[in-house]
Amino acid sequence: MSQRLLLFLLIILLLPHCTSPIKPGHHQQIGLQPIGHYSPDQLQFIQQELTAFFKVPVIILKEKEMPPSFINLSKGERYSADSIIKWLAHTAPDSITKVVGLTHKDIYTTMKENGHVKEPSYKYAVWGIFGLGYQPGRSSVVSDHRLQTSDLSRFRHRLRTIVIHELGHNQGLPHCSTQNCIMNDANERIQTVDQSADTYCPVCKSKL
Ligand SMILES: [Zn+2]
Ligand SMILES: [Zn+2]
């Protein structure tokens, strides 16, 4: 068998697991992975919302400790979202189609431009974020550290929006410029999240 054919077959075999949209009746299930102690009420809220939205089973996995090596102390205590999603993709049970890591800790990524840290680098090397997910892929992470507000319904809207946004990336969706689409790039503006609609816009839906 030629190498090219082998590669093609491998891609075909791997694709359904990675890029297929989350749809009921395809033996798909979403796993919620608490990282460190995580609020049981919040876990239950996310479980209910995702079950209603995707109509697939959503299971809560056994709590895992945050690997200490993921910490960065240059701007207070932040954890590498890139390391977290890589770790979750490798360690989640095979039966889980998509795994969402959930943490109360602050998380960061490194913003890049043309292969280098975006300037000014003091700002973008350890850039705090709400969530990060492979596009496409199997894992994401969502932190509520930057979503806090005393208004519970607003907080829950923020949390739900970020989780469904990251699962959109997992299903292969890029950022979307349709006004208020849940796949808008929040770019650290909480207002974008607050104004977000409850679902993917028609353009995004047509890609799923
Ligand atoms: Zn995004
Ligand atoms: Zn959209």
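## Terms and basis

Two strands pair if DSSP finds at least two bridges between them. Helices (H or I, at least four residues) and strands (E, at least two) are DSSP runs, numbered from the N terminus. This is a predicted model: local features need pLDDT of at least 70, side-chain atom pairs count only at pLDDT 80 or more, and totals for chains, interfaces and linings use all residues. Residues are numbered from 1 along each chain as its sequence is written, while chains are lettered from A and ligands numbered from 1 in the order in which they are written.

## The five-stranded sheet

Five strands form an open sheet in the order E2-E1-E5-E11-E10. Its pairing is mixed. Strand E2 (58–60) and strand E10 (131–133) sit at the edges with a single partner strand each, so one side of each has no neighbour in the sheet. On average, neighbouring strands are turned by 20° against each other, direction ignored. Axes here are lines fitted to C-alpha atoms, for helices over the stretch in contact; angles run from 0 to 180 degrees between N-to-C directions.

Strand E5 (residues 98–103) and strand E11 (residues 139–143) run parallel, joined by five bridges. Leucine 102 has valine 142 of E11 as its bridge partner.

## Helices on the sheet

H3 packs on this sheet and touches strand E1 (30–34), E5, E10 and E11. Contact means C-beta atoms, placed from the backbone, within 7 Å. The direction of H3 makes about 135° with that of E11. Helix H5 (residues 152–170) lies across E5, E10 and E11. H5 runs at about 20° to E10.

Which residues of helix H3 (residues 81–91) are buried? They are Ala81, Ile84, Ile85, Trp87 and Leu88. Seen down the axis of H3, they fall within an arc of 160°, so they line one face of the helix. The arc is that of the directions from the helix axis to the C-beta atoms. A residue is buried with 20 or more other C-beta atoms within 10 Å of its own, exposed with 12 or fewer, and partly exposed in between; C-beta atoms are placed from the backbone.

## The four-stranded sheet

A further open sheet has the order E3-E4-E6-E9, again with mixed pairing. Strand E3 (71–72) and strand E9 (127–129) are its edges, each pairing on one side only. Strand E4 (residues 78–80) pairs with strand E6 (residues 107–109) in the parallel sense, over two bridges. Serine 80 stands opposite tyrosine 108 in E6.

## Alanine 125

Alanine 125 lies in the loop between helix H4 (121–124) and E9. Alanine 125 is partly exposed, with 17 other C-beta atoms within 10 Å. Leaving out residues up to four places away in sequence, alanine 125 touches Thr110 and Val117.

Conventions: Contact = placed C-beta atoms within 7 Å.
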